[in-house]
Structure formats: C-alpha cells, structure tokens
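Look at how the two chains of this model meet.

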There are 2 protein chains.
Amino acid sequence: MSVRLALAQVNPCVGDLAGNSALIREVTERAVAEGAQIVAFPEMALTGYPVEDLALRRSFQRAAQKALEQLAVDLQRLGLGDVLVIVGSLGTDHDGRATNCAGLLRGGVVEQIYVKHHLPNYGVFDEHRLFSAGSQPCVFAEGGVRFSLAICEDIWHSDSPAQQAATTDADVFLIINASPFEQNKFNVRRQLCADRAAETNCIVAYVNQVGGQDELVFDGGSMLVSPDGELLAGSVRFAEDILLVDLPADTDTTVTSERIALPDRDHWSGPFDVGITDTEGPGELYAALVLGLHDYVTKNGVESVVVGISGGIDSALVAALAVDALGPNNVHGVMMPSQYSSEHSVADAQGLAERTGLAARKIPIAPMFDAYQDALNLTGLAEENLQARIRGAILMAISNSEGHLVLAPGNKSELAVGYSTIYGDAVGGFGPIKDVPKTLVWQLARWRNQWARDNGKTEPIPPNSIEKPPSAELRPGQLDTDSLPDYAELDAVLTGYIENMSGTEELVAAGYDSALATRILRMTDFAEYKRRQYPPGTKITKVAFGRDRRLPITNRWREPDIS
Amino acid sequence: MSVRLALAQVNPCVGDLAGNSALIREVTERAVAEGAQIVAFPEMALTGYPVEDLALRRSFQRAAQKALEQLAVDLQRLGLGDVLVIVGSLGTDHDGRATNCAGLLRGGVVEQIYVKHHLPNYGVFDEHRLFSAGSQPCVFAEGGVRFSLAICEDIWHSDSPAQQAATTDADVFLIINASPFEQNKFNVRRQLCADRAAETNCIVAYVNQVGGQDELVFDGGSMLVSPDGELLAGSVRFAEDILLVDLPADTDTTVTSERIALPDRDHWSGPFDVGITDTEGPGELYAALVLGLHDYVTKNGVESVVVGISGGIDSALVAALAVDALGPNNVHGVMMPSQYSSEHSVADAQGLAERTGLAARKIPIAPMFDAYQDALNLTGLAEENLQARIRGAILMAISNSEGHLVLAPGNKSELAVGYSTIYGDAVGGFGPIKDVPKTLVWQLARWRNQWARDNGKTEPIPPNSIEKPPSAELRPGQLDTDSLPDYAELDAVLTGYIENMSGTEELVAAGYDSALATRILRMTDFAEYKRRQYPPGTKITKVAFGRDRRLPITNRWREPDIS
C-alpha cells in the first residue's frame, strides 16, 4: 500500500482568486497526469499570502469562500474528482472571524477544513490582528497512509493539536507553508522539519510557496524529511516545481520522489538555478533579489524599469539584477552627469550598458541645476541634495512618459544611516537592494561576475565599478568615507543594532568602540523619517527595514555612549 | 474618611525617560501642593506611548526599569515619599518579556506593579507583538477608600481581573490610559466608563494622556464618572491638566473636584479651548490637528515649517493650522506660480499671508520648467507632474538651507484616489490634513473663520480660497471635477470603503451607484503605492491610512462592479 503525493510549489498572486484558481487547476492536472493521488498546495495559495487587512474585508472573505467551493466543482468537472486536493485559503469561523485555513477538496466538494492553530505575530507577521485560531487537528488516510495536516507556524511550536495527532495517528506530517525567505532560514526550516519528524516519528512533507510579494520573497524549497532527519527529496528553490513522492504505508520502506519543473509558467527567466542544498554563499541571495524584483514588477502589471546609472556599484548591481529579472530590453538606464561627475563614472555607466545590453541614454543636469541656482543660490548639503532631486525628477518624468517603473538604488547601509537624498536617489517604485548591506553589495557583484566567467558569459558589472572607492559625486572629490565610517565596520555595527537588537552595552561587550557605535546608532535613529518614505524592497536579512522593524519617528531614546 | 486623587493628564515624549521623569516629578509636586495624596499618571507615561518596537529592545527595557526605580527615589528626596504615585511604564515579566505596566511608587520604592491584562492588537495597536499580558489585579486602599487599578484596553472588555476586583473589593475603579483620539471616540469612552462604573458599582476615575506622537494624537479628557453614569468631573481636552478629586470612602456622598491647568508647560499655545463636553462639530477636530502638528514638529526638535501656498483651500488650511500651532513667525509660505496659475491664485496666497502674518516669498517655476523641457519635452501627465516636482524640490531646498520642516498639503480624499504627485505635492516631513476628507477641509476652514469672527479676530483663510472650485492648475482651465467625482459623493463612498470596510455590495445596498463606487474603489486600490511613501499625518478618523489600514501594494483583488 502506498500513495503518490504531489507537493505543488506554486507562485500565486495576492488577491487574484481567479488567476490562482486557474493555477491550482492547471498544476493539479499536471500532477495527476503523473499519477498523483493527493496534491498539496501552499498556505493561502488560493488568496496569495500575506493578504494583510484584506483578510478583514467581508467581501473578500465571501469571495474566497465562493472561490474554494467553485474550485472543488471545477476540479470535479475536469475529471479530477477522485483526487484529494489540499488548498490553503481564507476562511471564517462560526463567529464570522477570518481564519487561515486549508480546504480538503474531493468529489466536487470541500470535504474538510483545517484551521491554523499557531498564529505568528512577530517580525513581518500580524496574524493575531487578522485571524482567529483553530483548535482541532485534521487527519485523513489515503492508500493506507495516514496524514496529519498543519499550516506553517504550527510546526514552529511542538504543542499543536496537529502534532499531537501526527504523533498518535499518522504516518506523514504534512505541512503547507508560506514561509518567507531570509538569509540562513532554509537550514532552520530543514532542522525544524527534522525535529518534528523525530518527535512524531512521521515523515514530514513540507510544501512552501515560491515568488515575490511586496517586500517578501518566498523561496520554495519544499522537502520530504524522514523520521531520522534525512532529506529524502527536495524541490528547487526560487522557481515553481512539483515534487512527486511515493509514500508507503510502512515508513520503514524506501520513499521515492520525482521532480517536475514548471518551465512553461515563466514567472522568472533568470539564469540562476538554486538547488535544495545550495544554501551557502551569495547565490541564493542573488536569486532571491532577482525573483523579488521580477515579481514586484510583473505582478503589478508593469513590464519595464528605468534606473539612474551613475557608474557606481549600487546602480550597477541594481541594473544587473533588473536585466537578469526582466531581460535587457526591459531595462532603461539614464546617465545624468553633473559638473562633479568624474570621467570614469560616465565610462563605467556606459560600460555597464554595453555589458548588459540595457538601453542607455544621457541627460546632463547642468541646465536644470543652473535654473534652480539662479533662483535659490544653494550651498553645502542643499546644493548636493538638489542634484539628486533633479535626477529623481528626470527619472519620474521618463517613468510617466514611457511607463517604466523607477528602481531606487539605495542599499541597507545607506538607508540605515540616512546617507541618501529623500525625493532624490530615494525616488522609486521599488528598491531592489534596500535590504542589502554595502559589503554584501560588493560580494554579490563579484559573485555575479564570477558566475558569468564560470559560464562563459560577459561579466555584467564593470570591474572598475566594484574596485573604485565609493562616492556620491555631489561635490568635488567627495568620497563616502568623508561622512561615513569604513563600510566593514559600519555593517558589523548595523547588523548588531538592527538584526540582533543590541544596544551600545552589548556592542561594546562584543568588541566595538563605544564612540563609533554611538555615532552609527544615532545616525540610524535620526534617519527613521527618511526610511518611512522609502519604496519597498526585497527582505533578505533577519530584520529588514519596514514591517519587520517598527519604530516611532518621534523618539528621544538614544543608546548611551558608554565610552 | 476621604482621599484626594490627582488625575495628571500630561504630555510625555516617546523615549524621553529623563524628560518624562522630570515632568512626572514636577506635576507630582504641583498636585501635592494642592493636597493630593494619590497622583495617577497615564499609561506608559514614563516611556511615552506608543513606543512600538522599542519595547523589544533590551537596553530600553533596562533603562525604563532603572528610570522607574530612580523616580521613586527622587520623589522621596523631594519630600514626596508619603504620596502614592502611580506611573505607567515598560516592565518585564519573569521570562524577560516586555510588559505594559504601572508602578505604584511610595517611600522611595516601587511598592507594587500592575501588568495590563487585555492587549489591543487591532487598528493602530500591535500589543500582542510587544507585550506579555498580566493576570493579577492590583488593589490598594488609601484614606479608607479602596481602589482597583486597570490600564486602558482592560476596560474595553468586561472580564478583566481588574474589573473582578473592582466589583468585589473596591470603591474606585482607577484606569490609566493612552487612548488615541478619533472622531466620536470621546463619547464612546465616556459611555464605557459609565458601563464599567455601573457593572462594578464603583466610581470610575479615568486619566488619559494628551499630546501628539507621530500619527496619533491623544486628547486627554480625563474624567470621573459615578456608578449611575454621571460625569462628576472632567479635564479639558488637547491640553495638559490636573484634575483633583476628593473621593469619600462612602460612595453615596458627593465627590468634589478642582481643575489645575498647566499653562507654564507650553506644549501648545493655540487659541482653542476644548472642554470636556465639546464633542460636537469641527472644533475638537481642529484642536486635534493643531496639537498633532505642534507636537510632531517640536518633539522632533524643529521650530519652524515651510509650506507651498497655492491660493487653494488645502494649503490655506495647512498654513492656518501651522500658524495656530507654531505662531506666524515660524511659518514660511512659498508661492510658486507657473504659466497655468490664475491671478486669483496668487492674490489668494498673498491674502493668506497677510491675514495670518506668515512670511511669504515668491519663486516662479518657469525657468526650471523650461530647463527640464528643453531636455525632456514632456506632455500630458508627465508635464503636469513635473511642475509639482519642481515645487517639491524648491521646498526641500529651502528646508535644507533654512531648517524648516516641509508640510505636505494633501487631504485624505486626494490621498485615497491618488490625486497627488508623488515627490511633488506629496513632499513633506508631515502631512497635517492627511486624514481629513476634502469636504471636512472646507468645514474646518469655515469653522476657523467663524471662530475668528466670533472672537473679533482676522479670518485667516481668504473666503475666495473656500468658495472657488478646486483646481490643481497644472494645465489651462483644469478643475478637480475633470478627473474626480463630486467631492460630497467621493467622500461618502470613501468613508464606506475605508472606515466601514464596505465592498461594492454593501455600498450599492446603501444606495450608491455601482459604477461610481467601482470607479472610486479602483482608484483607491491603485494608489496604494503612493500612500506608502506619503509622510505621516494626524489620525482623526476611525480608519486612517497608515498603521490603521495595512494592505498589500501587489494586490489583484478588485471589488466586483455589480451594476
């Protein structure tokens, strides 16, 4: 006795009930053609995830309910009524409160509903705000194999009703997820699956969403883990996939698996393939950034982007990511030199365009700068910011005229300490490297060029953009180091402050200089108002600016300088 | 037997432990000089409220703990050791998790701690994210009068341990609060106090914070309510105040009260006085906006503001609010006419400057516009937006040079449907009327002028700015009604969609045209990305854009057109 289960790692879109239903029907057909008897889709696959306050809207609750019932009917009509299809969606409880649930569809009806028990309400998650919690497990058997079903956060705790049921009544602990990517998280998830498998003495079948949604990117990496912690099978990451597994009723026998890629569903055409075990180095981060950017642009109905290319490393990396995500024909670069732009800047920007094949144009800013200066006579910081704001206005004008989405090139280190001009280089619909510290910007650029060399392709990023000392070029001979600490030190302190929530005391204990730490922390605190108006960008670190880190702007708390 | 209780309605600042400690010491001295034996401060008065993710920071937790203990010592040193001082603050539980708590200080020590039981996690509140909940009541007696203590949300439910204790063991149910203002909320709170008083057969003593904190404004309105629902005494609203009440041990005897204003603590010098029962009409809304604007500017260490004055009603109201909040010498107006600006616009802007006394200057935008156009040759929307963006850059240049904070003049109706230019008129550190629907903008302007007439002062807003049809003046003869529905209809539909979370079905059932509703709802959905980058502004409605309404940008859900 055995059963063939398909873990359908798909990329739905938030709010697109019709599109997601079509996706689920299509993938179910494909899996069933390969012999699947159970097809499991991710958490809230029907509605997309996270739907945020849409969950509270009665009209959306009704529509989701109707879409789930209609999906059962449609699957039956397609001749798939014998298959058990498990679909995460939005439900309501007896009091009319929203739930994060999974419907078990078969024979044209919703046979059973499981309601998520543990609701995450930390980091980027607000599920106590949105959902009422379930308390009942959901067990079912198919081909002699017994399953207990859970949803995502349920397995981050060892006391869920689903785990109780898995321990006593199941052979397979099946978990449907929409678990967002961050650095090192895949290995945490894998360990979690191993722990739960050992505790329940079940095979753990884990299916995760893939794709970008605003600041989040879901990395997929669906997997099957044995009770002794072995990774039996895994999907690719950062792409849609169906993982087919044959589960025997007797868990001692061997489990076999077969992967079906979904290349026809071209959510991402980038050149990078991240396997289930590729969790080291910048490759998975680069893939996350490409997918996050691709999906933000395309799911918002845009085809092309425009980016100011200065010859510097940040805009070069952003352009390279955009070309990988959207193709060179959909990426427009604008050189906007001023009197302070060096010759190498223009040459490096041109080199980037030639290497990547993006369409570049040049618009010098001197005439606009002079027109403002005749009226305003600015000096110092005001004069520097003016140049950045003229560039922002030019990019927005091109965006308004030609329909491209503007990409903001700011990195996390700059955003932290406020080394960016609001309404200037901060202009954009999306900030692809918003959560990438500057030292990682260099690493990613080097990694991307190395990948090109290894694969016999042209390096997209001019080596000089990587090697030269960074400069905003807003005054003669300016260098970032005039205003900022060395980036290696800066990023180390910022990681402590932002990701680990350390104060000066902890930072000094970890070996950092108190005066340096204090300086960086104060710059970071003061820049909160700028971050509040910054565009969204893909989260890749443990704590990204945005939903992850909610601080008041009006805030007189300052970490003490204990030097 | 009786006791004199002071309800200290103060205006702390988030994160300012030293400043808030000084404020509490000072107000305690003042209250004790008037005979107070118990002084009760608002929820988290020592840390300010809401502290958001600061609550999770270990260094801030330690500092708050130390500040509370030091405050007890300092009060003792000031000879106030016999007085019971109740101070809301940030604590930690046995597992090191943060709590929203109140310390009872006396004799140089923290005698007792009460931990808030009901944690709000809806609307603007994220307390499940931040705090662990308490489970124990806190009862104490003073002068023969028995008290049960609660914190804010505790009394929005009738099952708190504090209410149980009030019912069985207390004469007075004392609640310390940081309850943010919104339209009609004062009356809800008053009814709540009456209900709890009746249920517990206690006198309810309710002390609320006052002041602005980012998007929130706290209105004060501290009060004493008898078991039969009578309002025995109340503080002013939108200003600091001490309400002194003599509470007899026998609740049947009469309670007396005495108000002490704190005019020396000049958090707000506006001309408007809102009494405890002034809950009708635009007066309380105007006061909320003035206080929210004043506190955002001053608590962020800025003294002055700059605003583009177009002659239109939005910028006129913003300028009037700013003059009331900060005085005319701290308000800088900039007229930035273009070829499309009408004569009446310049005249009305000049009239506004003369009436209010703000400092106005004129910077025509034609030279900058021509410089961009020589390079870009824009038409249509791109040309219109360019004008707004030149104005934004000019305001930011003045801000950078002179240190004024830029005010964005957008109203809620515009922000809803995206009728504003991102990086153009949306430029600003604060948007004072961000949560004010357009129809209410007119009402507030008329109310402010009427107040001036009633008090023998100059009307600040030129009547023509109120009466003329609104226009963005970005192309010849343009009127808002070219692109938007009539504002009365627009605002009615927006209120249904945003504040009541109605879908098309509910709106049509309420009598609105489906096509009109669908058009407005789609405009609102589409503009989400613009709102995400808009500056903060004072919340006055039930659901403001921002923390109150969390929706994805990438969102394909559209309310169905059911016509």
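Chain A and chain B bury about 6,800 Å² between them, counted as the accessible area (1.4 Å probe) lost on being put together, summed over both. Carbon and sulfur atoms give 53% of that area. This is a predicted model: local features need pLDDT of at least 70, side-chain atom pairs count only at pLDDT 80 or more, and totals for chains, interfaces and linings use all residues. Residues are numbered from 1 along each chain as its sequence is written, chains are lettered from A and ligands numbered from 1 in the order written, and side-chain values use heavy atoms, without hydrogens and water.

Contact means heavy atoms within 4.5 Å. The polar pairs need an N or O atom pair within 3.5 Å, one able to donate a hydrogen and the other to accept it. A salt bridge puts a Lys or Arg side-chain nitrogen within 4 Å of an Asp or Glu carboxyl oxygen.

| Item between chain A and chain B | Value |
|---|---|
| Contact residues of chain A | 77 residues |
| Contact residues of chain B | 76 residues |
| Salt bridges | 10 salt bridges |
| Polar contacts, both at pLDDT 80 or more | 43 residue pairs |

One salt bridge joins the side chains of D16(A) and R556(B), at 3.3 Å, N to O.

The same surface serves both copies, as 99% of the contact residues of chain A recur in chain B.

Definitions and conventions: Buried area = accessible area lost by both parts, 1.4 Å probe. Polar contact = N/O pair within 3.5 Å; in protein donor to acceptor, adjacent residues only side chain to side chain.
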